[in-house]
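Dear colleague,

I am passing on to you the structure shown below, together with a short account of what was found in it. Please read the account with the structure open beside you.

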Amino acid sequence: MRNCRLFLILISLFWISSLAFADCAKLISIEMKKDRGFDYLDIYTSGQAFGKGLLLENKLYIDFPDTVIAADFSLAKRPSKRINRIETVMKDATTTRLIIHLKKTIDYDLVNVFGRGKTVIEISDRLDNIFAYQAAWEKSSLSKKATPLKPRKFTAIRRGALLGKTIIIDPGHGGDDPGALAANGPPEKQLTLQTAQLVCQLLHEAGAEVYITRDEDRRSNLHDVVDFANKSRADIFISLHYNSTYNSGTSGTETYYYNSHSRRFAEIMHEALVRGLQRKDRGLHRMPFYVIKNTDMPAVLLEPVYLTNCSEQDLAKSQKFQRRLAEAIVKGVEKYF
Ligand SMILES: [Zn+2]
């Protein structure tokens, strides 16, 4: 009787697992190619698979949900100045993950060729050095005298997923520092404030105690921001900016962190923004920006889109997009905790 029951359990487990794999595509092969200075990965699957990319510093992850690795999977390698090696692993029972180990900072595009069982990844060098812009702004900002910090507190309500958490939201720029100035649009300082207020409202509704470092058009001294964050013993710190560069064709979402204790938070936030906004993934990067380097708690600096790109500037101005961004930030925060 006992053996019989065990047999039935085993049969049903086998049946459930075969159901789980029945609809899965198979990863058949990867071919590395080079063309006009780009590296390409042609990824072939049996049936339609939808790869999703995530660039986290020197690793590019491509996840294929509902896909398993074929027994005769093959990888045709070529020497590349950008790609070190490619790993294939099962992220979970039905998600195949490619881990592309990179030699340098890159840009990438991913196209799932519909109906062809093929995904193409184009990898190029990252050309612009926007890191230098942020560093130059910080240097001038730190040297200027600013008005005293005037944070606003959103006192916690007594329910919600974020009950007991203290969060600091820091809208970049303000006052005589407009931040990025793009043609036909509000300055960065105005957009960061609008988005930050919306984020605070949603975090507050989710039960967190929230502080915004400025709630009006005034410039905060970065020393004061860090001081305030550290004294408040907040659980996390989020600095909000909008990106800019000299190249109007550049677009996409970037996230920065510096301290190792911020890395897990930064990964989660970057993924939440890339998935939530559906813009180009410009990667998670480690940079010594002042507010994320000197705060004691896990801290990130978010650059959701570029104001110097016409279509992303239009997005940033729209209430619908700001709402989507705020919701993505809150989703990331909830996942982190
Ligand atoms: Zn900025």
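I begin with D66, which is partly exposed because 16 other C-beta atoms lie within 10 Å. Here a residue counts as buried if 20 or more other C-beta atoms lie within 10 Å of its own, as exposed if 12 or fewer do, and as partly exposed in between, with C-beta atoms placed from the backbone. D66 sits in the loop between β4 (59-65) and β5 (67-76). Its phi is positive, at about 55°, although D66 is not a glycine. In general, most residues other than glycine have a negative phi.

Two points on the source should be kept in mind. This is a predicted model, in which local features need pLDDT of at least 70 and side-chain atom pairs count only at pLDDT 80 or more, while totals for chains, interfaces and linings use all residues. Residues are numbered from 1 along each chain as its sequence is written.

Q278 also has a positive phi, near 60°, and is a residue other than glycine. Q278 is found in the loop between α5 and β15 (281-286). This residue is exposed, because 11 other C-beta atoms lie within 10 Å.

As to the chain in general, the protein has eight helices and 16 strands; these are DSSP runs numbered from the N terminus, helices being H or I of at least four residues and strands E of at least two. The C-alpha atoms fill a box of roughly 75 × 60 × 35 Å along the principal axes. Of the 337 residues in the protein chain, 38% are buried.

The chain is divided into domain 1 (22-125) and domain 2 (130-336), with bounds that come from an automatic or database domain assignment. Their C-alpha centres lie 31 Å apart. Five residues from domain 1 and nine residues from domain 2 take part in the contact, two residues being in contact if their C-beta atoms, placed from the backbone, lie within 7 Å.

Two helix pairs involve α8. Helix α3 (residues 188-205) packs against helix α8 (residues 319-336) at an angle of about 45°, with the axes 9 Å apart. Axes are lines fitted to C-alpha atoms, for helices over the stretch in contact, and angles run from 0 to 180 degrees between N-to-C directions. The helices α3 and α8 are therefore oblique to each other; angles under 35 degrees count as roughly parallel, over 145 as roughly antiparallel, 65 to 115 as roughly perpendicular and the rest as oblique. Their crossing is right-handed, a term used if the near helix is turned clockwise from the far one by less than a right angle, with left-handed used if anticlockwise. Residues making this contact include L198 and L202 of α3 and L325 and I329 of α8.

Helix α5 (residues 263-277) packs with α8 at an angle of about 145°, with the axes 8 Å apart. The crossing of α5 and α8 is right-handed. Among the residues of this contact are F265 and L273 of α5 and A328 and Y336 of α8.

Lastly, K231 belongs to helix α4 (residues 222-231). K231 is exposed, because 9 other C-beta atoms lie within 10 Å. K231 and T295 are 64 residues apart in sequence, and their C-alpha atoms are 9.8 Å apart in space.

With kind regards
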